[in-house]
Amino acid sequence: MSQPLILIIEDEASLRRFLVPTLANNDYQVLTAATGADGLAMARSHNPDIILLDLGLPDLEGGKVLQSLRQWSRKPILIISARNQEKDKVMALDLGADDYLTKPFGAEELLARIRVALRHATQTVLDTPVLQCGSLRLDLERREVTMDGVPVRLTPLEYRLLEALAQRAGKVATHAQLLNEVWGPVGAGQTHYLRIYMGTLRRKIEPDATRPRYLLTEPSIGYRLNVD
Ligand code: CA
């Protein structure tokens with residue numbers, strides 16, 4: 001992909017002034033919109049490869065912009081929002097946003113998230129059925145998990161939870177998404193299932209379960225399989 005096109009929908013001029021040169025210096029083409037209505041119009045006219053969407057816009061709620069985009073576009077959408085908007089972030093992720101960044105964020109974090117989102121966008125799920133991160137190796141075709149080559153025994157539910165995280169490797173999975181994919185309708189609202197099963201998964205996979213390296217908690221939102 002040559003010079004992916006990024007659309008930034010953000011009303012804060014100071015943040016746009018930071019984002020535009022940061023992205024342009026890293027070989028992205030950049031478009032900006034300061035309102036939800038402009039953002040939707042530009043998304044339709046330019047079909048960007050990725051959209052950075054602020055949830056607090058002056059004219060439309062970010063969630064409305066997202067719903068409108070998702071009616072026709074499957075391109076990655078990264079939410080940018082303030083720290084105290086956990087509920088809004090979860091709502092946006094459940095509505096189909098790919099990931100989120102909490103303000104203030106640094107250039108490195110932003111660029112890393114954009115790379116992950118663009119990589120996912122060009123794949124069906126993963127390029128290969130094998131995911132290697134650090135010592136952890138996960139073969140989704142053979143349903144095998146190893147740490148430094150040593151097989152890890154997982155129960156079917158533990159495996160399904162790890163698989164759901166791996167299918168979004170590097171991106172956040174919300175509580176609702178994980179509960180639905182692992183437990184189905186009976187999982188709705190049962191966030192404690194996740195706490196219990198993430199606990200046992202961490203004890204089996206993490207070198208130090210109290211300081212997870214692979215299975216990261218996103219407070220109030222969900223979990224992320226760290227691929228760095
Ligand atoms: Ca704003």
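What is the strand order in the open sheet of three strands, and is the pairing parallel or antiparallel?

Author: This is a predicted model, in which local features need pLDDT of at least 70 and side-chain atom pairs count only at pLDDT 80 or more, while totals for chains, interfaces and linings use all residues. Residues are numbered from 1 along each chain as its sequence is written, and side-chain values use heavy atoms, with hydrogens and water left out.

The order in the open sheet of three strands is β10-β12-β11, and the pairing is antiparallel. Strands (E, at least two residues) and helices (H or I, at least four) are DSSP runs numbered from the N terminus, and two strands pair if DSSP finds at least two bridges between them. The edges are formed by β10 (172-174) and β11 (215-218), each of which pairs on one side only. On average, neighbouring strands of this sheet are turned by 30° against each other, direction ignored. Strand β12 (residues 222-225) is joined to β10 by three bridges, and the two run antiparallel. In this pair, V172 stands opposite R224 of β12.

Helix α8 (residues 191-205) packs on the sheet, where it touches β11 and β12, and its direction makes about 150° with that of β11. Angles run from 0 to 180 degrees between N-to-C directions, and axes are lines fitted to C-alpha atoms, for helices over the stretch in contact.

The axes of α7 (residues 175-183) and α8 come within 10 Å and cross at roughly 80°. The two helices are therefore roughly perpendicular to each other (65 to 115 degrees; under 35 counts as roughly parallel, over 145 as roughly antiparallel, and the rest as oblique). On the α7 side the contact (heavy atoms within 4.5 Å) is made by H175, L178, L179 and W183, and on the α8 side by T191, Y193, L194 and Y197. By class, six of these residues are nonpolar, two are polar and none is charged. Ala, Val, Leu, Ile, Met, Phe, Trp, Tyr, Cys and Pro count as nonpolar, Asp, Glu, Lys and Arg as charged, and the others, Gly among them, as polar.

Elsewhere in the chain, helix α6 (residues 156-166) has eight of its 11 residues buried, so it is largely enclosed by the rest of the structure. Buried means under 20% relative accessible area, exposed over 50%, and partly exposed in between (1.4 Å probe, protein chains only). The buried residues of α6 include Y159, L161 and L162.

Strand β5 (residues 99-103) is likewise largely enclosed by the rest of the structure, because five of its five residues are buried. D99, L101 and K103 point one way from β5, and Y100 and T102 the other way. Strand β4 (residues 77-82) pairs with β5 in the parallel sense over five bridges, and I79 stands opposite Y100.

T102 is buried at 16% relative accessibility. Its C-alpha atom is separated by 12 Å from that of G56, 46 residues away along the chain.

D11 is partly exposed at 32% relative accessibility, and G56 is partly exposed at 35%.
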